[in-house]
Amino acid sequence: MPVRQTPQKDFPLITQVEKFYDKHIEPTKMLKNFKFPQITEKPKYVRSINNQVAPKSVNTKLDNSNLPANKPWLRNTLIRYINVDTNRVVGTEQITSPYGQSYNISNASIVGYDTLKDNPKSYIFTKKYNQTINLKVKPHTKYVTLYFNQVDYDGKHKKSTLYATTYFLATTGQTATIQTPAGFIFKDGSTVRKLDIKENTGEVLYEVKKAPFKQQIKIYRGYYLLGIMMIVFVVLDVLLAWIGRVFEKRKQEE
């Protein structure tokens, strides 16, 4: 599934070290071919998009409690809508008719899916009490847009500012795992949420807030460690360059 994200942004500490190194320090011969690793902070707000294990609230059992005792010729049939992509039942519909009669099911459909043309157009009820009809359906494909609003509280006043946005392609019946922007958490303190893709899922707004300082340190720990390593490298490079110049000067004096 293609996912469009907000532009990447360089990690500030690493960028400043690179600029300082390039401007003020002449690399030694031993390290002149060394290249700083290109590390960028890549926002990944949609971690995964998967098919649901089982659609919620789908009743796959036939209920015959509606059949009156004084009309013994009536029978129920359960229409099961099956997603051709996952081979799972994504919805059901119960119909009633006298047995032996033909029932028009050419217009049978479920919200969020297209009923395929190769499905049967009619069904003849039998005397059985456990009848089912399987109809194949294809889920709708749609773009889902996510908005992350940063929420701040100034006393009793709530201030909401759009921080980031992204969109992704998904189909009805899938579940997306949503990740907060780095350094932010949802209002309940979590950083991950599940989003069930439904027919009316189009634009989704999430409110996020700055993570506590300790949590931010944990999030950026890898970047800070890399920045410190790069600073150590610069110091080592300067030291080696100075030692090299000292030995060269002594050699010339001899």
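Is Ala170 buried or exposed? Let's start there. Ala170 is buried, with a relative accessible area of 0%; buried here means under 20% relative accessible area, exposed means over 50%, and partly exposed is in between, using a 1.4 Å probe and protein chains only.

Before I go on, two housekeeping points. What you're looking at is a predicted model, where local features need pLDDT of at least 70, side-chain atom pairs count only at pLDDT 80 or more, and totals for chains, interfaces and linings use all residues. Residues are numbered from 1 along each chain as its sequence is written, and side-chain values use heavy atoms, with hydrogens and water left out.

OK, back to Ala170. This residue lies in strand S12. Strands, by the way, are DSSP runs of E with at least two residues, helices are runs of H or I with at least four, and both are numbered from the N terminus. What does Ala170 touch, leaving aside its neighbours within four places in sequence? Ile49, His140, Thr141, Lys142 and Ile197, where contact means heavy atoms within 4.5 Å. Thr141 is 29 residues away in sequence, yet the two C-alpha atoms are 5.8 Å apart.

Tyr163 is found in S12 too, and that strand covers residues 157-171. Tyr163 is partly exposed, with a relative accessible area of 33%. Its C-alpha is separated by 5.4 Å from that of Asn149, which is 14 residues away along the chain.

Now the overall picture. The protein chain has three helices and 16 strands. Of its 254 residues, 34% count as buried. If you take contacts between residues at least 6 apart in sequence, 64% of them join residues at least 24 apart.

Next, one of the sheets. It's an open sheet of four strands, in the order S6-S5-S10-S8, with mixed pairing. S6 and S8 (113-115) stand at the edges with a single partner strand each, so one side of each has no neighbour in the sheet. On average, neighbouring strands here are turned by 35° against each other, direction ignored; the axes behind that are lines fitted to C-alpha atoms, for helices over the stretch in contact, and angles run from 0 to 180 degrees between N-to-C directions.

Who pairs with whom? S5 (residues 74-83) and S6 (residues 88-98) run antiparallel over 10 bridges, and two strands count as paired if DSSP finds at least two bridges between them. One example is Asn76, whose bridge partner in S6 is Thr96.

Have a look at the loop between S5 and S6, where Asn87 lies. The hairpin has four residues between its strands. Most residues other than glycine have a negative phi. Asn87 isn't a glycine, but has a positive phi of about 60°. Asn87 is also exposed, with a relative accessible area of 66%.

On to the aromatics. How many aromatic pairs does the structure hold? Seven. To count, rings of Phe, Tyr and Trp (its six-membered ring) need centres within 6.5 Å; planes under 30 degrees apart are stacked, over 60 edge-to-face, and the rest tilted. Tyr123 and Phe125 make an edge-to-face pair, 5.5 Å centre to centre with 70° between the planes, and both residues are buried. Phe186 and Tyr206 have ring centres 5.4 Å apart and planes at 55°, so that pair is tilted. This pair links distant parts of the chain, with Phe186 in S14 (residues 184-186) and Tyr206 in S16 (residues 203-210), 20 residues apart.

Phe186 is buried at 0% relative accessible area, and Tyr206 is buried at 7%. Ring pairs also link these two with Tyr45 and Phe148 into a cluster. And the charged end of Arg193 sits over the Phe186 ring, 4.3 Å from its centre; the rule is NZ of Lys or CZ of Arg within 6 Å of the ring centre and within 35 degrees of the ring normal.

Last stop, the cores. A nonpolar core is a set of buried Ala, Val, Leu, Ile, Met, Phe, Trp, Tyr and Cys residues joined through side-chain atoms within 4.5 Å. The largest one has 18 residues, and Tyr206 is among those touching the most other members, along with others including Phe148 and Leu195. S4 (46-51), S11 (141-154), S12, S13 (174-179), S14 and S16 each supply at least two residues of this core. A second, separate core has 13 residues, including Ile95, Ile105, Ala108 and Tyr113.
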